[in-house]
Each structure stands twice: as C-alpha cells, then as structure tokens.
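Subject: Structure for you to look over

Dear colleague,

Please find below the structure that I promised to pass on, with the sequence beside it. My notes on it follow.

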Amino acid sequence: MSTGAIVGIVVAVVLLIAIVAIVAWAISTRNKFVTMEEGVNEAFSTMDVYLKKRFDLIPNLVETVKGYAKHESETLTNVIAARNATNTQNLNDKIKAEGELTNALSKLMMLSESYPDLKADRQFLNLQNELQSIETEIAHSRKYYNGNVKNYNTAIRVFPANLIANHMKLEKKTFFEIDEASRQNVKVSF
C-alpha cells in the first residue's frame, strides 16, 4: 500500500470520527434542551398546584371577611376579580394575574387589622395560617421555577449550543416575577 493511500485512509478515518463526534454532540445537546424544557414545565406545574390551592382557599377567606367587613365590598370585589383573572392558560397573563392577586390578598389581610373580632375569629385565623403556608410554598416553587428558567435561558443562548437551540426554534422562557404594583407597600386607610 502506498503512502498516499495510507494518508487517505487516515484522513477518512479522522473525518469520520469528527463527523460522529459532531453528530453525537448535536444529539446530546438537543436531548439536554428537551430535558431542561421539561424541567421548566415540571417546575411550573409544581407551582401551579400551590397556586390552585390558594385559588381554592380564596372564596372561604372572602366569605369569612365579608361577615365582619360588610362595607369593604371594593376590596372583596378586587380579590375575586383578581382570582378570576388567574384562570388563564397563557403563561405571561397568568404571571401578571398572580401578581395582581397577591396584591389584592395583601390588602384583604390588612383589613383584618381594622377588625379585632375578625382577627380573633378561629375560622379566619385557620384560613390565614393556611394562606400563609401556601404563600410560603408558592415562594419556594417560584424560586425553583425561576432557577430552571435561568438555566434553560442560559443554555439556549450559549455558543455553540445556541445553533441547535435556534434550529429547534427554542425561545426564552418567562420568569415568574411580581409586577411593580405588588412590590409597593400595601396602604389601607379608613
């Protein structure tokens, strides 16, 4: 066998190994994106369970407060309207609505400060404790979700993996953040 033939075989083997390595990397990268996207979906689903618990708790809380705060119909109406707005499938709309609901619930909880009988009501206290527990779980699950979103968004933007992400038409996921109005201190005046 001539030297040229040996060099040709070596070049062909090196090219074949390079092609196999690139294909293996592409498959591995694609699978990583699929896994990360499912992680984001799972994280949101977990958070959605707690959001649903809070959603189901609100009517009981509103009914309890209604008995004590009959003239606070605007606050109670806002809580119910915010609760109903969370019933959407669009993630961005759901994030915005959840921020508004959090703000409305804060105002509702502030009402209890003005009604000593309400603050002492056992059912209200149980509902308030349950809501606080759920809010803590929501906060933890938001953190988990946002961590998954950060990792996913970073992974789809890093070169050369972004070539695969662009081919898959992957887009950045939205963080679950509260809106600016919810960041403000709640002011309740009578």
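Threonine 29 counts as buried because its relative accessibility is 6%, where buried means under 20% relative accessible area, exposed over 50% and partly exposed in between, with a 1.4 Å probe and protein chains only. Its place is in helix H1, residues 3–68; helices here are DSSP runs of H or I with at least four residues, strands are runs of E with at least two, and both are numbered from the N terminus. Leaving out residues up to four places away in sequence, threonine 29 touches Ala161 and Ile164, a contact being heavy atoms within 4.5 Å. Threonine 29 and isoleucine 164 are 135 residues apart in sequence, and yet their C-alpha atoms are 7.2 Å apart in space.

Before going further, please keep in mind that this is a predicted model, in which local features need pLDDT of at least 70 and side-chain atom pairs count only at pLDDT 80 or more, while totals for chains, interfaces and linings use all residues. Residues are numbered from 1 along each chain as its sequence is written, and side-chain values use heavy atoms, with hydrogens and water left out.

As to confidence, the mean pLDDT of the chain is 84, and 88% of its residues reach 70 or more, pLDDT being the predictor's confidence in each residue, from 0 to 100. Where pLDDT is low, the predicted coordinates should not be read in detail.

Taken as a whole, the chain has 7 helices and 0 strands, and of its 190 residues 34% count as buried. Among contacts between residues at least 6 apart in sequence, 77% join residues at least 24 apart.

Turning to the packing of helices, the axes of H3 (residues 91–111) and H5 (residues 122–157) come within 13 Å and cross at roughly 145°; these axes are lines fitted to C-alpha atoms, for helices over the stretch in contact, and the angles run from 0 to 180 degrees between N-to-C directions. The contact is made by Leu91, Glu98, Thr102, Leu105 and Met109 from H3, together with Phe124, Gln128, Leu131, Glu135, Arg142 and Tyr145 from H5.

Helix H5 also holds serine 141, which is buried, with a relative accessible area of 4%. Apart from its neighbours within four places in sequence, serine 141 is in contact with Thr46, Met47 and Tyr50.

Two points of backbone geometry deserve a look, given that most residues other than glycine have a negative phi, and most peptide bonds are trans. The peptide bond from phenylalanine 159 to proline 160 is cis, with omega near 5°, and proline 160 has its place in the loop between H5 and H6. Lysine 169, in the loop between H6 and H7, has a positive phi, near 60°, and the side of the model on which to look for this residue is the exposed one, since its relative accessible area is 69%.
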